[in-house]
Amino acid sequence: MELVRRANATKKPEDGIALRVAVLGAVMTGMLALGVEGAISPVTVVLVAIALPFAYWVSWKRRAEDNWHIKIVLTLVALVALVRFIGQLSGIGTLDEIRFPLADLFLWIQVIHGFDLPQRRDLNFSLGSSLTLMAVAGSVSQDMTFALALAVYFSFAVAAFALMHRSEIEEDAQGVLVPKTGGTPYRRRAVPWKEVARGAIATGLAGVLLFLVLPQPSGIRSFSLPFHVGGGGGLFAGGGLLSPDGSDDPFSRMNGSSYFGFSEEMDLSVRGELSDDLVMKVRSSAPALWRGALFDTYDGRSWRGDQDEPTPLGSGSPFLYPPSFSSSGPRAIVSQTFYIEREQANVIFAAGQPDQVFHDGQVSIDDLGALRTDATLTPGQVYSVLSSRGAATPAQLHAAPVGAVPDPMKRYLQLPTSLPERVGSLARRITRGIPDTYGKILAIEDYLRQNYRYSIESPVPPSGQDVVDHFLFDAHVGFCEQFASATTVMLRSLGIPARVAAGYTTGHRNPFTGYYEVRASDAHSWVEAWFPSYGWYEFDPTFDVPPADVQLAETVPLARLIGFVADKLGALLPGGSGALLRYGLLGALSATIGVGLWMMFHKSRRRTAPAPDVVPLTPVARAFYRLEQALKSAGHARRPGETAAETIARSARVTGMTPVYAAASFEAECYGPADPAPEEARRAVDELRKLSEATLGAESSPTTSRPPA
Amino acid sequence: VRRPGKKTFIVVGVVALLVLAGASAQAGWLFVLAAGVAGLVGGSLLVPQRLRSFSVERSVPPGTIAGHEVLVTLTVRNPSSRGLPLARIEDRFPGLEPASYVCEPTPPGGTSESRLLRKATKRGVFEGGEVRITSGTPFGFVTASRTLQVASRLVVVPRWVELTSFPILEPASSPRDVLHERARTGAGEEYLGVRPYRPGDPRRFVHWRSSARAGSLVVREYEEHVRSAVSVVVAGADFGEPPDSAFEALVSGAASIGNYALATGHPIQIVMAGKEEVRRLVRPGRNEMLEWLAEAEARDVPLGPLVAAASGSVGPRGTVVVMVTSGGRAEADLRNALATIERAGQRGVALVADAQSWSDPASASVPEVIHDAPGTARRSTIRSIRKGEDLRACLQV
């Protein structure tokens, strides 16, 4: 038994209450963040919010004990928590979902461990574990409310680290050098606010700088997709394409959050207002165009997709993309999870070719290869897709063979008989002398960009005129559907299989959440062209298609910020100065940071010097020191030559108290061969504290003071 | 020089894990969290430590006795126009037990001070020692340290024991010593007779009746209490770790005998081996003797020259105390040395510190040297002292 006690004995108990409060604050913040993000239940939040402070109180009270019996109980409780965690695993569908029971387990371990935090290293462990809670909460957070949790968490963490450092500095120190200039005694604060504030400012500054330069790669594939499938209960589509807010207004391209392109027919003559409503958030390993629908038949006024009943893909998640639709050649994998914010058409949005779809509900495929669900996508619905996108290099595409189009692809060469001849002539003129398919596509894209303007307010084509013909030869202005249609029609006139895709552009990537925030105004249309040996490749004559492989440097927020500013400013400058502008901005930013650092290091700060005294480090001596100060302020300052025992006795007479341990423990601690027993020391500190308080109380209300015996 | 601590490497590992998790889970907040955690280390680099602005002074009393406590005042001055950070100061003054201080943030132009009782652990004359300042403000992730040499002279004299007697110096310690202690004319109290006045004689010593009878000044003559001279030889290598070592025990013994000799009026001389010469301290005062012994260094040399120097200056009635540590050249010469002392008609006393008991206490055995060892002359005494034994009891046997 003695061996057990000795093994569990606390070597250096941590006395700092402020440090314990700071660590508790950090852990509680992590727990609350988990609760706010829905990773743990509200009942758990309430239970932990009650249990954790109690646990910390117990561990503070018993910090000097060996607590071996508590440790046994805690071990048993920890085993129960572990068994509960293993039980929860049985209900887990994907590896990703382990995060939640794991967070739950970590939380209860925190509570259990909270009962036994006698030393600084134990508190350090708790602080480190709280980071795990924050990480889990951060991994499921989709909005900026987590920023508040982070700010609170780092406030506590900074305070905890500053106090821990102070505790380390004070460990085993025999003396304290305190500032002196005469006058009032030096007051040592329980929380070094200046150090905490300085650390917080420095951490904030360094954190922002590091965040700006820290690459945010997202191409690392985990064993499982990062998603939690959430079902929805939308409008039943009945085999067709159903847009939830479909408008009857023939001139409206957009009504609310529903894009007219997500239907069986896309009328090119309509237009309307674009809403900025957030329609979905996409967590993706790479930026991409989120395709929803495909169109192959052009009649001069509109595009139509497959009108037949779609074919169901298997019976359950994951739904596999049929090999007959699959493209070949080099591919880049993109994993995506879609979080629907506004009701959407019953389509599966996905980047490129959706190889695997994880969706709670039936998924079907039409004849063109576009995926549909059996009901509209509703807010809160979550699904994931593992896609592949064509990753052939430009050289490979240039070298792609040009030959006869196989029969299945011939439907993508369809053109209306009413199409004016001048459209095909223009295509041939643009691509004259270019032998390969890829070169022809680029030439047409360049031609459109150089000679046509993008405007949502493009004129409505006259009745009876081909929309593409009107765009190319009369209006010279159009929106994405017209750019895509013109490209597709010209490619088809050259014998290149092409089709129109409708969906959303990548959206704006929130650098904090990491989600692509897709708004209704991001609805878009682009071109897919077919290459022998490679399959379908995306081309966007309106904007750029995001590259399939993202360079690491492009994931650095600072580079994105500079790129964003350079793009905005570049529009005001003559062409070709974009790169120069980027370097200029980078130089200016570096210079600003450099000057800021220089100023921070060289700024003079003058402070008023505090007063002198020596504050003892040992607990009883420190408590006696406080009693001395209390006596001094009460007008009973310690007399020259008066021993500690005499001072305590005098204080006892003044206050009417009868301290038992104070004098003996003080003398043992300061002059004896061995420190007083922990229990005696604690009682002595308690007695001295009460004496100090009573002395000060006696000073403030003279009627309560008693005359010396 | 700033050095990352163990915590820093842990933080870097945590940051890497967060980035990996962020990349794998495609969670942007994990990158923010990683940047924030890395900011704790980065922030530590941004906060200047300003160790160059620390000016440290140490104030100690001029002297003390080994094992005693002295009040050491450590002062940090900040002559700069910016505040000094929280720091830890390690004072490694060689004569004192090392001490650690917490130095509270010192304001610009301010001074911080601490007074602390510290034990003088080691005999010697110390001119100063290094002070190491370490600061890791604000979080201790990156620490900077600076070592200063701070001058402060301290003489730590050897410990000694107050002897109530030391038999060999007592008049009755040997029958022949009685003769040695016989009085001769001087300033004693016993009246011996009269003699003609010599210039310088005190007037109160003039014996007027005899002067009148003789017609010239005659003065009374008194007995002088003559004490035999004592010479202490200390030699030998050191064993154990000072202050608890074989040589320190001998030096303490020498100081004890010296103090007793001075207190009882015996002229004393101390002889030790210098680097290449024989060092002698002749008829010192108490403080002079203690300070001289403070600088004593252990040297295992042949005893011949030392004993010759000691024996030659104490006269035929003198006593030579030879103190050596066992197991070396000094001990090997001990019997010869004692024989030399006896041949000179002097008393020889040897004190042998048993090196084995200090160097390897577990295997320490009863030393070969024994009291009144056979083979030595009658008047010589050999005593031994072992680790943990009471020096006073040993010397007063």
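**Notes on a predicted two-chain model**

1. Let's start with chain B: of its contacts (heavy atoms within 4.5 Å) with a separation of 6 or more, 70% are between residues 24 or more positions apart. Chain B has 11 helices and 19 strands, taken as DSSP runs numbered from the N terminus (helices H or I, at least four residues; strands E, at least two). Of its 397 residues, 55% are buried (under 20% relative accessible area; exposed is over 50%, partly exposed in between, with a 1.4 Å probe and protein chains only).

2. Some housekeeping. This is a predicted model, where local features need pLDDT of at least 70 and side-chain atom pairs count only at pLDDT 80 or more, while totals for chains, interfaces and linings use all residues. Residues are numbered from 1 along each chain as written, chains are lettered from A and ligands numbered from 1 in the order written, and side-chain values use heavy atoms, leaving out hydrogens and water.

3. Now the interface. Chain A and chain B bury about 5700 Å² between them, 66% of it on carbon and sulfur atoms; that is accessible area (1.4 Å probe) lost on putting the two together, summed over both. Chain A brings 74 residues to the contact and chain B 63 residues.

4. Across this interface there are 3 salt bridges (a side-chain nitrogen of Lys or Arg within 4 Å of a carboxyl oxygen of Asp or Glu). Arg166(A) and Glu104(B) form a salt bridge, at 3.2 Å from N to O.

5. Over all chains, the whole structure has 39 salt bridges. One of them pairs Arg63(A) with Asp15(A) at 2.7 Å, N to O. Arg63(A) sits in the loop between helices H3 (42-61) and H4 (68-89) of chain A, and Asp15(A) in the loop between H1 (2-8) and H2 (17-36), so the pair ties together parts 48 residues apart in sequence. Arg63(A) is buried, at 13% relative accessibility, whereas Asp15(A) is partly exposed at 38%.

6. For another kind of pairing, see Asp686(A) and Arg689(A), whose side chains meet in a salt bridge at 2.4 Å, N to O. They are 3 residues apart in helix H19 (residues 678-700) of chain A, and so about one helical turn separates them.

7. Finally, the largest nonpolar core has 72 residues, and Met280(A), Trp290(A), Phe349(A), Leu472(A) and Phe531(A) have the most contacts inside it. Such a core is a set of buried Ala, Val, Leu, Ile, Met, Phe, Trp, Tyr and Cys residues joined through side-chain atoms within 4.5 Å. Helix H13 (residues 480-493) of chain A gives the largest share, 6 residues.
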